[in-house]
Every structure is written in C-alpha cells, then in structure tokens.
Amino acid sequence: MKKSGSHTYLYAIKSFRKEDGRCTTKVVEKFGTVEELREKLGGEDPIEWARARVAEMTAAEKEENQNVVVEYNPKAYIQKGERRSHNGGYLFLQKIYYELGLDYICKKIAKKHKPLKYDLNGILSMLVYTRMLYPGSKRSSLEDAGKFFEQPGCTLEQVYRALSLLAEEFNEIQADVYKRSLKLGKRNTQVVYYDLTNYFFECEEEGGLVQFGHCKEGRPLPIVQMGLFTDHDGFPLAMCIEPGNKAETGTLKPMEQILKDKFGLSKLVVCTDGGLSSYENRKNDSAGDRSFVTVQSLKKLKGYLQEWALDCKGWRTAGSDREYDIGTLDSKEHCETLFYKERWDPTKMSTGETLEQRIIVTFSFKYKAYLSYVRERQVGRAVALLQKGQGVTSRRKSPNDAKRFIKAEHCTADGELAQIESYSLNQEMIDQEARFDGFYALCTDLWDPAPDIIRLNGGRWIIENGFRIMKTDFDARPVYVRRDDRIKAHFLTCFLALLIYKYLEKKVNRGGRHFTTEEIVGTLRSMDFLGIAGEGYVPAYTRTDLTNHLHGSAGFRTDTQIVTRQKMRGIIAQTKKREKDDDGSDKH
C-alpha cells in the first residue's frame, strides 16, 4: 500500500535476495487505488481483498507447475555490473568431484596444515572445473569462475599458496582419490598402461624441472615430462612430473614403487611402449607379482631373431593350428587377417642374470599397405626438396621426417674428396625400411596365449588419448607458472580433470551412443543460463540428446523453461551429496 497525493495505491510486492546476497523487492502486480477497488468490488473492503489475493498468489507460487510471469521495461537499463549470465555445465563435473570425495581430501589436508586462511576445496574445485571449461592461466581461471552459480571466494594470492600446498601433498592426493574412487565401482588395475609425454615452456631459460630435452613436438624449447599410469579401462591412476632432461626409462620403477606403497597395488601387468622397455625395467617387472608387455623394435633385435621375425614361414592366426607362409598368400584375400609367431628367448644381462622373455611378432597386409603408403608420400616430399635444391639431410631420425631419405655425398666418381656436397635420394635406406613393412613386435614374460597378449597391447591407445585430451581439450600447455611446486600442482589439476572427465564420459556414453570429447566438453561450456531477478534461471542452451544423457546420468534436470531459484539451490546441494565417509562423519 502506498499513498500518493489523495489516492492510496495497492500492490503485490515480492521480496527476494539478489545474487550479491542483498535483499530487495519488486512489484508483482498492481491492484489499483483503494477507491477504484471499492467501486469495482461493490463495497467489499479493498485492503482485505488485496490481502486475500496476495495469499492466493503466494500459495500458487509454491505450486511446482506454476507459470512465472516476468515483466520487462524496454526503457529501463539493466544494473551496471550485474551478472545476468551463468554457466551450469560445471554442475555435472561438481557431482563427480564430490562423489570422488575430493572435498573430504581437501578437508583432511587443511586439518593437517591448519590453520588455513583460505578454502582449499573451493580453490581446487575451481581450478579443476575451469581447466575443463575455460582453460587458461590461474588469473583467468579465477575470473572465469565468476560465470558459475557459486562465486569464488578467494584471491589470486591464495590460489598460488594453495598450489604450493597441493604440490606438497602430490602423491597422497592421487592415492586418496584412487581409494575413494573404489566406492564408485571396481577399478580394473590388473593390467595397467604407462607412458610418458612432455610439455614445452615458452621460455629460453631452463631451471628446476624445466630442462632442455627431447621434445616430442620438435620444438627447441625446455620441457617437463609427465609419466602417467592408467588402468585397463583408461581411467587415470597415478602420475609424476620429471625434469625434461631425465631419461624416460628411469621414471617407471619409482612410479611402480609409489603404486605399491601408497596405492596398495603390487600385482600388475605393466604395458609400455618401446621407449620405456629397457632390460632393467623388464627385469624389475618380471619379479614378484608383476609382469610386463612392451613394444619391441624389430630393428634392434639381434641378427638371428630379426631373421626369424622376418621369415615368411611359421605364421599362425588366432583360433587355428595351421601354419602359413605369408610370402605365398594373396594380400587382398587376407587383408584383414592378423598373423603372428612367437618364441622364448633367454636374454643374458650385463649383471650376469638371465631374463626369460617371450617375443611375439605380428604381420598384417593392411598394416604393410599403410606403412608403404606413408613412406611413398615421404619419399615424394624428399624428391620435391631435391628438385628445389633443398637437399639438406636430417640429423634427427624421426620416422616422419622426409629428409632422412636424402643422403649427402662428398666424393667424386674417382674417389677424390669433393669440395661441394651433392645430394641424392637414399634408396638404400628406403629399401631397408621397406623390409619391416607390416611387422610389429612385442616382448613379454606372460604365458597367456599370444592373441590375448596382442589384445592387451592394443589398449595402449587409451593412454595416448588421455594425453591428447589434456593437451588439446584441456590446454595443459602453455604452463603459466614457473616454480617447481606450482608446476606440479598445475599438472595435478589436469590429472584430476581428466579423471573426472573419464567418469562423466562413461556415464553419458550409454544406450549405444558415443559422444566425442569435443561434443561433451563443448556442450558443458555452452550450458548457459539467463538470470531473472527474483525468479530463477532460463536455460540459454540447445536441448539435445547429449544434454538429455547428461541430465539422466546426474539425476537432476536444468532443461525446463525456467529453473526457479529454490530449485537451483536444491540442484547445487544435490551435486555436493555423497555417502558417509569411513569415519561415519562429514556427510553432505
């Protein structure tokens, strides 16, 4: 009720809390003046009528399906600095974050290092969500987190201090999150995959972890190395960060010790690529309850083994006892057939010990055609370079470098030393590489059937895909921090983001559907909402099969025409629920 001059006006006014926490009101309906209502109502008390009407509106608003009517004034300006758009995609990540008990892990760390003057859980969750949705520097992560329904309550300085603390608890966090992940289902850790990649830094000075080494992208920049273990289903298990100049083979044994000491995992079949298959690592993985499956370079085999591996006779196929001579077979008829042969070869080490290992060689006409096609294109590029007069031999023997097929000659036909170099196609190298087309070798100490070993090794693509996701979709590089502890913490957040993503991917890829990483992450980034003051949030994204799968996996829906403020508060609370902890306390 409001008096203006000689008239008294009656309104229905609604109180609500703004995004910044302050209380305010808005006019929901104008009833008119007391005089107008008295005449209209035929003598009924206008004030009592208005009170009854407000009571009806309040009761109606509590009905779940009550329509929301919003009035907009085309002449009224929006409030300066008011955030009207929010991202809700992070809620699906937050549900898994809390299911993995990362909040409890942060609470345990905070208790160990008390008193902390910042919210460790709030900072870690913010860094993980923004790594997936808005990858960038720590400063930009803090700014981008303002798009979420829950605003960050920390400063940039506190974020950096939290990074140092996370690095201090680096291995413990990984071990704890693995143990708590077992509550979500059994982890397939009988077979694990290990590989190493590196990340470059856009600087020219090395120091600490950042050292010059063999950059897998061929960049002349210092790097750090990441070693990653995944389980047989491709879920990240453990990781380490090593200096860029450390030998790859020296990273495996310490990581396996961490798995044993902190994860309680000792019975393992470790699958690696050829770069990690030193005899020392094989010997270590053939002891106790461990076994190994590793890629073996055919070119590095001893002469008699290489001759046996390339021999056309003695080949088998899965499920058959027949022996084949691949030199007599029709390549088109057997294009899809995978042939294999195997033998045990005791290898004597420099220490005098003997390593019993089994060599399995495979051959595929399809793989042979592929390698031949790739090399033909590389030879074509080498010929084009020679025609342009750019005959510079390659110092790096990269399998993708066409210059390796160019040779330099410094002598004349009569054997005298030439003053000018001449370049030509190295046909000898081309023929040498062609000998190995279609062949692939493995080495193991397992007694399982060869086809089973081959299938195990075929799962190594999973870990390569994990590296691709971190580098391409989560932009794990460039790294915007320089201190060693903060570098480790940065990659820890990338590791946790990958783990959460893998669980989300498993949940949404059901019912015969498969959504790509680009589709899933892109959809989460686009799930924006328009905030309606005092009412709720209107979805501004497109509802698709993927959003249906996301909602179905999470157990809540945000794709109604409007999500009331009360409903959204309930959804946020639901994403933070998990089962009781081991001590029976701290249930959300």
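Which strand is threonine 362 found in? Read on to point 2.

1. **Ground rules.** This is a predicted model, where local features need pLDDT of at least 70, side-chain atom pairs count only at pLDDT 80 or more, and totals for chains, interfaces and linings use all residues. Residues are numbered from 1 along each chain as its sequence is written, and side-chain values use heavy atoms, with hydrogens and water left out.

2. **Threonine 362.** This residue lies in strand E11, residues 354-363. Helices (H or I, at least four residues) and strands (E, at least two) are DSSP runs, numbered from the N terminus. Threonine 362 counts as buried because its relative accessibility is 7%. Buried means under 20% relative accessible area, exposed over 50%, and partly exposed in between, with a 1.4 Å probe and protein chains only. Setting aside neighbours within four places in sequence, threonine 362 is in contact with Trp315, Leu338, Phe339, Tyr340, Gly438, Phe439, Tyr440 and Ile454. Contact means heavy atoms within 4.5 Å.

3. **The eight-stranded sheet.** E11 belongs to an open sheet with the order E7-E6-E5-E8-E9-E14-E11-E10. Its pairing is mixed. Two strands pair if DSSP finds at least two bridges between them. The edge strands are E7 (236-243) and E10 (339-348), and each pairs on one side only. From one strand to the next, the twist averages 25°. Axes are lines fitted to C-alpha atoms, for helices over the stretch in contact, and angles run from 0 to 180 degrees between N-to-C directions.

4. E8 (residues 269-272) and E9 (residues 291-296) pair in the parallel sense over four bridges. Valine 270 has phenylalanine 292 in E9 as its bridge partner. Helix H9 (residues 252-261) packs on the sheet. H9 touches E5 (191-200), E6 (223-231), E7 and E8. The direction of H9 makes about 140° with that of E7.

5. **The four-stranded sheet.** Another open sheet runs E4-E15-E16-E17, with antiparallel pairing. Its edge strands are E4 (85-87) and E17 (563-564). E15 (residues 528-532) and E16 are joined by four bridges. Here leucine 530 stands opposite valine 538 in E16. E15 and E16 form a hairpin with three residues between them. In that turn, glycine 534 has a positive phi of about 80°. Two bridges join E16 (residues 536-539) to E17, and glycine 536 stands opposite threonine 564 in E17.

6. **Helix H7.** H7 (residues 156-168) has 13 residues. The helix reaches 19 Å from its first C-alpha to its last, close to the 18 Å expected at 1.5 Å a residue. That expected span is 1.5 Å times one less than the number of residues. The buried residues of H7 include Leu156, Gln158, Val159 and Ala162. What covers the buried residues of H7 includes H4 (102-112), H5 (120-133), H6 (138-144), H8 (170-181) and H16.

7. **H15 against H16.** H15 (residues 461-473) and H16 (residues 484-508) pack at an angle of about 115°, with their axes 10 Å apart. Gly466, Ile469 and Met470 of H15 make the contact with Cys494, Phe495, Leu498 and Tyr501 of H16.
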